[in-house]
Amino acid sequence: MRTILFGSLTPIHDRLIEAAVEHLGYDAQHLPQPDIEALKTGRELCNKGMCNPVYFTVGNLINFLKKEAENGIKVEDKYIFVTIGACGPCRFGMYEMEYKNALKLAGFENLKVSLLNQTTFSAEGEITLTWNFIYSLMKAVIIADILRDLGYKIRPYEINKGETDRKLSEATELMFRIIRNSGKAKDIITGLREVKKLFSTIEIDYSIPKPIVNVIGEFWVQTTESDGNYHIHRWLEEEGAEVKVEPISGWIDYQLYTEREKIFIEAKAKGFSLKLLKKLAFLTGLQEFYRHLFETFRHIVKERAGTFVSQKLLWNLAKEYYDPLVTGGEGHLEVAKHIYNVKFQKAHMTLSLKPFGCMPSTQSDGVQTKVISDYPETIFVSVETSGDSEVNVKSRIQMKLYEAKELAVEEFEKALKETNLTKNEVKEAVKTNQNLRNPFVKLSKTGLLTAERFIRGNRKEIKAFLKVKQEKKWTPSTLKK
Ligand code: SF4
């Protein structure tokens with residue numbers, strides 16, 4: 001049996017998808033994260049005028065195969081490459097052809113490529129897309145979304161540098177074993193309880209005001225944690241932000257919702273046939289089931305990991321600006337997410353990433369100008385990732401980040417005033433009370449800033465600590481009680 005080769009999501013997603021595929025009895029291996037060498041190879045072998053994700057992902061595959069071949073491995077016999085594809089207006093529909101062309105040019109023309117079609121939910125080539133296959137992948141993607149999000153929520157506040165990443169890798173390996181060996185929802189829930197315990201040991205200090213920066217944009221470039229976007233998520237954290245990442249589940253939800261809407265449009269023109277009704281029932285059921293599964297798993301980590309926004313809401317927010325039926329790339333989502341962030345105060349800053357040569361993102365960017373003029377309070381920046389010009393891109397982001405940081409400090413000062421606390425009092429309470437250093441400590445629903453939600457959610461505990469201290473009755477043992 002050939003090994004299924006795939007990749008180019010985040011390291012956690014790649015690892016857990018590997019587990020899901022192995023659970024089904026296949027051998028699986030994910031590719032390494034793409035780097036600048038991959039971009040160079042992609043540019044050499046692909047057609048000119050493609051978008052950057054094509055160059056990165058195609059080049060990454062070829063570089064991997066070359067290394068394997070240099071080590072004496074007969075790659076065409078050993079591997080089958082599986083990738084996602086779709087038809088549609090953007091270059092996503094051309095990926096398969098680009099892979100095949102590049103494989104031929106690199107001397108691997110006999111390597112089989114199998115395509116999973118994200119819009120028709122079908123497979124071409126040697127893979128059979130059974131319900132078991134879909135269900136296994138769903139669970140892997142959901143767990144990866146949750147783990148990744150936990151990492152981004154906790155890491156900016158860790159007291160001991162590197163602790164979150166260490167626990168995140170332990171958690172990923174734990175879930176890898178569970179998904180590969182059992183895959184049952186009940187075992188996944190047990191595993192997530194262990195994950196929560198594991199993360200609870202990380203010491204954090206939520207009392208530092210950090211602006212929330214939502215990274216949106218083209219699907220691949222907003223997701224990858226590689227040279228493909230200059231490792232932008234980590235860099236933002238180093239610059240003092242809390243990064244809000246987009247879950248891949250949100251993308252799946254978008255695909256399902258769009259396919260449903262297309263049915264209604266078709267039915268409007270031709271009436272409902274039995275075939276259409278069946279398809280509608282399937283998509284509705286799948287979408288409901290997916291969300292239910294996501295929420296069930298997320299609940300275990302006390303909803304500390306984020307969820308994905310209702311597609312109906314995003315559709316309605318965008319429709320005046322961008323026709324949601326114009327699909328390709330992120331479609332209306334870039335515009336909708338920007339409006340959602342500013343209208344409902346879900347992020348201090350929205351950073352939109354546009355890969356070089358991306359048509360749908362260029363269209364969205366044009367529309368964002370109108371959104372900015374309608375919502376002048378927004379802190380929004382859109383940058384093009386070309387693989388070069390990293391310094392230029394980062395300095396543009398830094399300018400906007402400065403505004404977001406100022407806003408975060410203002411919000412924090414206001415919350416301190418309203419809760420009648422001072423920064424030093426909060427700091428001292430956090431330093432002394434271990435419960436306040438737990439990543440799963442209560443966070444108020446009021447406010448956007450984590451530091452604000454923290455002081456509002458734990459105001460009583462902080463005040464009680466101060467009172468005991470003032471009465472000079474405080475000792476470590478009285479505090480424990
Ligand atoms: S959305 Fe843009 S970057 Fe992504 S495949 Fe389509 S054209 Fe390329």
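Which domains does the shell around the ligand draw at least three residues from? I looked, and the answer is domain 1 (31-129) and domain 3 (212-406).

**Ground rules.** I'm working with a predicted model, where local features need pLDDT of at least 70, side-chain atom pairs count only at pLDDT 80 or more, and totals for chains, interfaces and linings use all residues. Residues are numbered from 1 along each chain as its sequence is written.

**Domains.** The bounds come from an automatic or database assignment.

**Ligand.** I counted 13 residues around the ligand, with C51, C90, F92, G329 and C358 the closest. "Near" here is a C-beta atom, placed from the backbone, within 6 Å of the molecule. Helix 15 (residues 359-374) gives the largest share of this shell, 3 residues. Helices (H or I, at least four residues) and strands (E, at least two) are DSSP runs numbered from the N terminus. By class I get 9 nonpolar, 2 polar and 2 charged residues in the shell. For the classes, Ala, Val, Leu, Ile, Met, Phe, Trp, Tyr, Cys and Pro are nonpolar, Asp, Glu, Lys and Arg are charged, and the others, Gly among them, are polar.

**Domain 1 against domain 3.** I found 16 residues of domain 1 in contact with 20 of domain 3. Contact means C-beta atoms, placed from the backbone, within 7 Å. On the domain 1 side, helix 2 (36-45) and helix 3 (52-70) are the elements giving two or more residues, and helix 3 has the largest share, 3 residues. That side splits into 9 nonpolar, 6 polar and 1 charged.

**Cores.** Next I checked the largest nonpolar core: 109 residues, with L16, I143 and V213 having the most contacts inside it. Helix 6 (residues 131-154) gives the most to this core, 10 residues. A core is a set of buried Ala, Val, Leu, Ile, Met, Phe, Trp, Tyr and Cys residues joined through C-beta atoms within 7 Å. Buried means 20 or more other C-beta atoms within 10 Å of a residue's own, exposed means 12 or fewer, and partly exposed is in between, with C-beta atoms placed from the backbone. Leaving out residues up to four places away in sequence, I143 touches L16, M175, I179, I188 and F297.

**Helix 12.** The expected span is 1.5 Å times one less than the number of residues. F297 turns up again here, buried along with L283, Y290, F294 and R298. Their cover includes helix 6, helix 8 (185-200) and helix 11 (248-270). K302 follows the helix with a positive phi near 55°.

**Helix 16.** Helix 16 (residues 390-419) has 30 residues and reaches 42 Å from first C-alpha to last, close to the expected 44 Å. I noted I397, L401, A404, A408, F412 and A415 as buried. These pack against strand 6 (212-217), strand 8 (349-355), strand 9 (380-385) and helix 18 (450-457). Just after the helix, N420 takes a positive phi of about 60°.

**L407.** This residue sits in helix 16. L407 counts as partly exposed because it has 18 C-beta neighbours inside 10 Å. Not counting residues up to four places away in sequence, L407 touches P211 and H348.

Conventions. Two residues are in contact if their C-beta atoms, placed from the backbone, lie within 7 Å.
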